[in-house]
Protein chains: 2
Amino acid sequence: MENFVFQNKTKIIFGRDTENQVGEEVAAYAKKILLHYGGGSIKKSGLYDRVTASLKKAGVEYIELGGAQPNPRLSLVKQGIDICRKEGIKFILAVGGGSAIDSAKAMAVGVPYSGDVWDFYSGKGMPEKALDVATVLTIPAAGSESSPSSVITNEDGDLKRGLTTDLIRPVFSILNPVLTFTLPAYQTACGAADIMAHIMERYFTTTQCADFTDRLCEAAMKTIIHNVPTCINEPENYDARAEVMWAGCVSHNDLLGTGRNQDWSSHGIEHEISGIYDVAHGAGLAVVFPAWMKYVYKSNVNRFVQFASRVWGIDIDFHNQEKTALAGIAALEKFFISIGMPVRLKEMDVGADRLEEMADKCTGSGSWTIGGFMSLDRNAVLEILKLAV
Amino acid sequence: MENFVFQNKTKIIFGRDTENQVGEEVAAYAKKILLHYGGGSIKKSGLYDRVTASLKKAGVEYIELGGAQPNPRLSLVKQGIDICRKEGIKFILAVGGGSAIDSAKAMAVGVPYSGDVWDFYSGKGMPEKALDVATVLTIPAAGSESSPSSVITNEDGDLKRGLTTDLIRPVFSILNPVLTFTLPAYQTACGAADIMAHIMERYFTTTQCADFTDRLCEAAMKTIIHNVPTCINEPENYDARAEVMWAGCVSHNDLLGTGRNQDWSSHGIEHEISGIYDVAHGAGLAVVFPAWMKYVYKSNVNRFVQFASRVWGIDIDFHNQEKTALAGIAALEKFFISIGMPVRLKEMDVGADRLEEMADKCTGSGSWTIGGFMSLDRNAVLEILKLAV
């Protein structure tokens, strides 16, 4: 096990009707906030009304900024920063999924910074301060509700980049599984693929001896595999929705990554796809991950045998472990297909004509490599993209 | 899944040589502290010298109070409270195992309280304030390094009682597995029994549908079962010591108990044994837990079948599930025996002459029941104690 530091300050308030506590929770921090959300779905569902009623009851004044969309945009972030500065706001409440939350986190680091907030995403600097962010989660997927991460798309150049700092872990997050009852099957499945990817980015490690976190990762993956089909077939099954919501949150707060080398190349590659094509992040990951696995498994067959055996319950073929490894990858692909995810680029209407461009952007035209499990250069990334066609 | 609130503020600093960071970490909070520890072992091992050197280097003044012992005493707590008040100390650093930490936590709530600190342990009130506590852990067992709990023994009446409040979660804890290399086999095993008990108190639940936390509990139990024998056979095996140390910590920060009804009757019963006889808490739990299981398993055979199958890998006998349930209990008992734990009271030189007294103290002479998995009255507790003879 490798040395690590782990602290997760986020207070999780989980369960039925918990969104009605939001005003009281916010009031402990601020009396005037930015209320940030996505499209109209929270208005249609009545969630907007319940949240704003709770804020009003607690005497919290709010300025609204809607419009966060999948692959959240830098331009909206800058708009939010301007509002917070003008209104003297120190607290942002994001109501929605990962897009609204990631967008709010970007505003939180941007407000107290005199330069361009994109600096933090392009690696030109790290934030030293941030406003407080809190969330009411509506989509279990990104794990942003207790993670130290935010991913933003800069429309100027189709660049999708991430920032990780404990400063942007939300101070509290409200998770009510009932709010996910109305999620369409496709979005539920995209979320599941994203959660599986967050676990697998950590699971596929070169760290020897990370037994406890291996088993935690396996526990989380089995929870997703077991419960997501129920969420799709019975959208109002509270228990299945609750399992996915809680597992999705824990899967990305980095408990599962403690003491381990992690990979993250599939996320890197997927960001290039959704940066250009605006496909759903989860769907992109369902395409990239199996392709990545097929490219890298020979570098550590053992680990893929463990994945096949412990996660998918596949009998190990002791005469041909590679066969077992491949059976595990096939099981993952089959699972993604079974919940309605694409597993090839063409299923998302992404052609093969810009693969070189994506491989370039992902590796600075070959000036750096990606991936902790196996180091991938530009050509390796290109090969993986070709396997995904 | 039941509604819950979960927040764990403790910063975990894990790995080799991390105790040398203690001064710097403390200095962010206080310049004058109480340094609390147990007997002489930290002086013999050199840990005391490294911790005090780090404190001095960071300009942190410390007043010492040693003498914390297993089943930590109220009298020492009161001594610590007096020192903190007299010296104007607002921060307590505990160096040691659960005893030093629990003792420090009791001081932390006692200092700002005008009444008797025992009020908080005897259920007469809940603390509203606490000093900051931090730890350098030397024994993976109690989980007190990131838990909201503290257990203290009042010598006046042999009463051992607990307090649970988020106020007493340590602000940081330093976990260096190397510090556990010198733990004797018996203490290592006692720690393992304590950790297993913390998981099982949560695992045996009446909550339907707690799939994710079930699997997390199973992951933690398998980690302990797999790694503790290695710790005993190869005391300086870093990886095995690290797995047990990290699993022990996570097992009692209550992540594994989120959204679940929990039991805790075995802890309640064991406290009466170690309150009178001063046996090691872990050893007492190794005796009580199998006895408790034998008494309660019929109330939910299914859960014991899951325990047998998933934790111990026992083939389910579908014609006789009770047989499978009993095989799981036997496997736990066999595991405890294999690591040198007692599984009967007589092995700890505890006779059968004070069982009635213990059953009385545990249930207020029959005025209350204990246990979330199965409600136990005075007679049930007595029957369990008899099964443990």
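Modeller: One definition to begin with: copies are superposed by least squares on the C-alpha atoms of residues with pLDDT of at least 70 in both. That cut-off comes in because this is a predicted model.

Colleague: Fine. How do you know how the two copies are related?
Modeller: Chain B can be laid on chain A by a turn of 180 degrees and a shift of 0.0 Å along the axis, with an RMSD of 0.0 Å. The two copies are thus related as by a two-fold rotation axis. Among the residues of chain B, B:K9 comes closest to that axis, its C-alpha at 2.6 Å. The same surface serves both copies, too: 100% of the contact residues of chain B recur in chain A.

Colleague: What makes up the contact between the chains?
Modeller: Chain B gives 32 residues and chain A gives 34 residues, counted by C-beta atoms within 7 Å. On the side of chain B that touches chain A, β1 (4-14), α8 (211-233) and α9 (238-250) of chain B each supply at least two residues. That side divides into 14 nonpolar, 9 polar and 9 charged residues.

Colleague: How do you know that β1 of chain A and β1(B) pair?
Modeller: The criterion asks for at least two bridges. These strands have 7 bridges, in the antiparallel sense, so they pair. As one example, A:F6 stands opposite B:I12 in β1(B).

Colleague: And what makes the sheet an open one, with edges?
Modeller: Its 12 strands run in the order β3(A)-β2(A)-β4(A)-β5(A)-β8(A)-β1(A)-β1(B)-β8(B)-β5(B)-β4(B)-β2(B)-β3(B), with mixed pairing. β3 (61-65) of chain A and β3 (61-65) of chain B each have a single partner strand, so one side of each is left without a neighbour in the sheet. From one strand to the next, the twist averages 25 degrees.

Colleague: Why is β4 of chain A called largely enclosed?
Modeller: Buried takes 20 or more other C-beta atoms within 10 Å. In β4 (residues 91-96) of chain A, 6 of the 6 residues are buried, so the strand is largely enclosed by the rest of the structure. A:F91, A:L93 and A:V95 point one way, A:I92, A:A94 and A:G96 the other way, and all are buried.

Colleague: Which strands does β4(A) pair with?
Modeller: β2(A) is joined to β4(A) by 4 bridges and runs parallel to it; there A:H36 has A:A94 as its bridge partner. β5 (residues 132-137) of chain A also pairs with β4(A) in the parallel sense, over 6 bridges, with A:G96 opposite A:L137.

Colleague: Last one: where do the domains of chain A lie?
Modeller: The domain assignment gives domain 1 (11-179) and domain 2 (185-388). Their centres, taken over C-alpha atoms, are separated by 26 Å. The contact takes 19 residues from domain 1 of chain A and 25 residues from domain 2 of chain A.

Notes:
Residues are numbered from 1 along each chain as its sequence is written. Chains are lettered from A and ligands numbered from 1 in the order in which they are written. This is a predicted model: local features need pLDDT of at least 70, side-chain atom pairs count only at pLDDT 80 or more; totals for chains, interfaces and linings use all residues. Two residues are in contact if their C-beta atoms, placed from the backbone, lie within 7 Å. Ala, Val, Leu, Ile, Met, Phe, Trp, Tyr, Cys and Pro count as nonpolar, Asp, Glu, Lys and Arg as charged, and the others, Gly among them, as polar. Domain bounds come from an automatic or database domain assignment. Axes are lines fitted to C-alpha atoms, for helices over the stretch in contact, and angles run from 0 to 180 degrees between N-to-C directions. A residue is buried if 20 or more other C-beta atoms lie within 10 Å of its own, exposed if 12 or fewer, and partly exposed in between; C-beta atoms are placed from the backbone.
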